[in-house]
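Biologist: Before we look at the complex together, I would like to learn how to read its features one at a time. Could you take me through them, with the general idea ahead of the case?

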Amino acid sequence: MEKVGDYDELVNLKATELRLGLPGTEETVSCGKSNKRALPDDDTEKEIESTGKTETASPPKAQIVGWPPVRSYRRNSIQTKKNESEGQGNYVKVSMDGAPYLRKIDLTVYKKYPELMKSLENMFKFSVGEYFEREGYKGSDFVPTYEDKDGDWMLVGDVPWEMFVSSCKRLRIMKGSEVKGLGCGV
Amino acid sequence: MTEEEDSSAKMSEDVKRYLKLDPRSSSAATSEPPCSSSSSSSASALANKSRNFKSFEPPCPDHVLENVLENVLQFLTSRCDRNAVSLVCRSWWRVEAQTRFEVFIGNCYSLSPVRLTHRFTRVRSLVLKGKPRFADFNLMPRNWGAQFAPWVAATAKAYPWLEKVHLKRMFVTDDDLALLAESFPGFKDLTLVCCEGFGTSGIAVVANKCRQLKVLDLLESEVTDDEVDWLSCFPAGETHLESLSFDCVESPISFNALEELVVRSPFLKKLRTNRFVSLEELHRLMVRAPQLTSLGTGSFSPDNVLQGEQEPDYAAAFRACKSISCLSGFRDLTPEYLPAISPVCANLTSLNFSYANISPDMLKPIIRNCHNIRVFWALDSICDEGLQAVAATCKELRELRVFPFDPREDSEGPISGVGLQAISEGCRKLESILYFCQRMTNGAVTAMSENCPQLTVFRLCIMGRHRPDHVTGKPMDDGFGAIVKNCKKLTRLAVSGLLTDEAFSYIGEYGKLIRTLSVAFAGNSDRALRYVLEGCPKLQKLEIRDSPFGDVGLRSGMHRYCNMRFVWLSSCVLSRGGCREVAHALPNVVVEVFGSDDDDDDDTVTGDYVETLYLYRSLDGPRKDAPKFVTIL
């Protein structure tokens, strides 16, 4: 009984929920959150793969690959502007030493470091070691670093998460020997 | 002009002498030429070996012939003319091959590199195109092919004097670029359009080793950031650079290196910077290079906002660049600074705002002065109102492209038939249009067909699939029908919206000069495809996606696939059997089928449904570098 009541309540709530988007669409747009990764739809996933980044909203209708016919380069250039102008998303480039392609991720999708790390590990198929406050990352050849607003290269995890998100300009997953200088704490 | 007259005077002496020997010719060719309808009597005369003549000992007629021909053929630059010339007879074929310095290959898989180097021995310039256009829209899996590697390897050996390479949609690696830089000491011009596979390290090698470099143009290519300061790799001293375009390079550059390079490049006319160049930096570049004719303005946004007098006088910098006729960039436009370009507006022939979110109010004061604009690219953020402003002023407009700010099917569309109609009424000299919109009417399209008889390219993309005329609710057949009927010079057409087979009957019947046709989400049945393949006599490139065309339609083109550059059909209703039939019937045509995944998916290999068919003529049979997911039937 309770369950049904709850369900009814839920349904009503949905009707009154304030949303962004054109009437008649079921877009769920939430500032700073991306739903796309959770979508089971194959086509949309393909779009993510091929454009290499997430979008902040998607209509329930399956996104058709390559339609409208706008080149990904142009799409991405304008997309970044749109996101920046709408205050959605904070896209930073991620490079990994030895990987042929750069990727881009939206930092606002994550709430804390472990989530970010996991995502990076998945993206580039590597594993980062364990983080120690003084010694940095241990147990892996790969170390995640980032460039901050002042142009300094820092170890990911050294500053509080919020500070990291607001100051991170780009990420670089360093490999092996180059890492020594950063790993030994500040 | 006098040079030409001199040589032709010399030539006519040779010819006269030759013709005197035997004014009446017997049979023309000695060996089998391919069929030629273009053999004229003078051709026969020249090709004839004189027999009746007695007293004078001429040099071997073949040598005279070839000298004469060489002198004549050097004036032929059009590849169509050269192709025709080469068909006359074997002798002409040979001489033409020796005098062809610029080779154009529209599909890199239509022949092997070996064939190129064997036939043409003195190539100085190579234009190569790889993947078909639909690859731009993620319809082709990565690693499909179109590698530059075999071509650079072959040409490195055969043409050490090579000066120019122009590639489109090819996969180019850093190693390829290194080999290019090392193999061609006189290399002058590298242009990469929509290419990928290389990074800034490859560019650095080219910059460093190609000491005669005049042109380095990277356009809409994917360039990985290898964190190499490639601009610093240009050698010291004065360069020969005339054009440097790197607006698509998505990585920061060393501005000091760029500035120093510009300072020592006195011949630099075209400079297109990327979005990592700020407005202040742009200003410094402009001050150093007032001779520029084409400028890609980078971000067009200041790093620091200084007040009043401390701020550089941007308008003055533009005023000083008296030769600027082409402006692009504006990647991160700060609107307050846009009026700085006003001093050059009257001289502009080309303006590209397509990366800037420009509203009608921002556009109007600028475009009002652009009387000489011939090429205008913009985002639909300018709205119908902006297009009306363009129509009011830009009477010389030849090419218009309007891209969507929000490239999704369901977005709000700020432009419509209103803008299209306005342009058609104001810009009567229009030749080429690419127009993305959410809604359109047959009326507006028909108006354009009537007002703009010079149209050679008409590409309309109604972004919502299957959308009818939004006023009448009817299909868009009549509008596109009017375009093919009235625009007699039309060579390229892209259709969209709700279209029935009838639209294609018009296209097939009236599209007499159409070479390229793009179709998506259109038509009702195979009849549509048949109309096109049985009509459109000049059709070379046919790209179709998501339309209800099957084996019957495909079969209807059997008679002509050998004479086309390629046919692409994806997400239609083709079966493997149907495709195989074509492959077996046409040995000179390569028939590739593949799915949209590039995983080694067994289902796509064994299933009967064909996701993508890509067929093209080839002189050298199926390629050897096809990846696993591609099946060549």
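Modeller: Let us begin with burial: a residue counts as buried under 20% relative accessible area, as exposed over 50% and as partly exposed in between, with a 1.4 Å probe and protein chains only. This is a predicted model, in which local features need pLDDT of at least 70 and side-chain atom pairs count only at pLDDT 80 or more, whereas totals for chains, interfaces and linings use all residues. Residues are numbered from 1 along each chain as its sequence is written, chains are lettered from A in the order in which they are written, and side-chain values use heavy atoms, with hydrogens and water left out.

Biologist: Is B:Arg545 buried or exposed?

Modeller: B:Arg545 is buried, because its relative accessible area is 4%. This arginine lies in strand β19 (residues 541-545) of chain B, strands being DSSP runs of E with at least two residues and helices runs of H or I with at least four, numbered from the N terminus.

Biologist: Which residues does B:Arg545 touch?

Modeller: A contact means heavy atoms within 4.5 Å. Leaving aside residues up to four places away in sequence, B:Arg545 touches A:Ile64, A:Val65, A:Gly66 and A:Trp67 among others, and its contacts in chain B include B:Phe134, B:Leu139 and B:Cys572.

Biologist: How should I read the area buried between chain B and chain A?

Modeller: The size of an interface is often given as the accessible area lost when the parts come together. Here that area, summed over both parts and computed with a 1.4 Å probe, is about 3,600 Å², of which carbon and sulfur atoms give 52%. The contact takes 43 residues from chain B and 31 residues from chain A.

Biologist: How many salt bridges are there between chain B and chain A?

Modeller: A salt bridge is a side-chain nitrogen of Lys or Arg within 4 Å of a carboxyl oxygen of Asp or Glu, and the count between the two chains is five. One of them joins A:Arg172 to B:Glu227, with the closest N and O atoms 4.0 Å apart.

Biologist: What are the pLDDT values of chain B?

Modeller: The pLDDT is the predictor's confidence in each residue, from 0 to 100. Chain B has a mean of 89, and 88% of its residues reach 70 or more, but over residues 1-12 the pLDDT is below 50, and it stays under 50 over residues 18-53 as well. Where pLDDT is low, the predicted coordinates should not be read in detail. For the complex, the predictor gives an ipTM of 0.82 and a pTM of 0.74.

How values were computed
Buried area is the accessible area (1.4 Å probe) that two parts lose on being put together, summed over both.
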